[in-house]
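Subject: Structure for your review

Dear colleague,

Please find below the structure that I am handing over to you. My findings follow it.

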Amino acid sequence: TPAAAQDKSIKTAATALDSATTTDSAGGFAVQLAAPHSEAEAQSAATRLQTKFAGELDGLQPVIRKAELKDKTVYRVRIVGLSRAAAVSLCEKLKAAGGACFLARE
C-alpha cells in the first residue's frame, strides 16, 4: 500500500540519518523546514526542499510527521536525529542560502 511504502521510506530515511548525524549529543533535535496541511503538500515540499538545498542538507533526508495542533492537522517536514549543535549549524546554513527553518525538540 502507499501508506506502507511511505512508512518504510520514512524508516529508511531515519536509519540513514542516524548513521549520518553527529554523536556529540543524544540527537533529540530536529530542524523543521515546513508544516503544510496535507500529506501530499508535505511530500511535495520535502522533494522541492531536498533539491533546492541539496548542498546544505548534504545527504540528510527530510521525514514527514503528522501532528495534531488544536483543531488542525499539519505534516511537519523535518530533518531529525540531530544534536543541538548540528541542528543549529544546519538551520544557519539553510537560512544563509535563503531558506526558512527553526529548531525543534523531537
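A nonpolar core is here a set of buried Ala, Val, Leu, Ile, Met, Phe, Trp, Tyr and Cys residues joined through side-chain atoms within 4.5 Å. Please note that the model is predicted.

The largest nonpolar core has 20 residues, and those that touch the most other members are Val31, Leu33, Ile79, Leu82, Leu90 and Leu94. At least two residues of this core come from each of strand 1 (29–34), helix 2 (39–52), strand 3 (72–82) and helix 4. Helix 4 contributes the most, namely 5 residues. In general, nonpolar side chains tend to be buried together in soluble globular proteins.

Beyond its neighbours within four places in sequence, Val31 is in contact with Val77, Arg78, Ile79, Leu82, Ala87, Leu90, Cys91, Leu94, Cys101 and Phe102.

Two of these contacts of Val31, Cys91 and Cys101, form a disulfide with their sulfur atoms 2.0 Å apart. The pair links distant parts of the chain: Cys91 lies in helix 4 (residues 84–96), whereas Cys101 lies in the loop between helix 4 and strand 4 (102–105), 10 residues apart. A search of the whole structure finds 1 disulfide. The torsion about the S-S bond of Cys91 and Cys101 is about 115°, and the disulfide is therefore right-handed.

Are these cysteines, Cys91 and Cys101, buried or exposed? Buried means under 20% relative accessible area. Cys91 has a relative accessibility of 5% and so counts as buried; Cys101, with a relative accessible area of 11%, is buried as well.

With kind regards

Terms used: Residues numbered from 1 in each chain as written. Predicted model: local features only at pLDDT ≥ 70, side-chain atom pairs only at ≥ 80, totals over all residues. Heavy atoms only, no water. Disulfide = S-S within 2.5 Å. Helix = DSSP H or I, 4+ residues; strand = E, 2+ residues; numbered from the N terminus. Buried < 20%, exposed > 50% of the residue type's maximum accessible area, 1.4 Å probe, protein only. Contact = heavy atoms within 4.5 Å.
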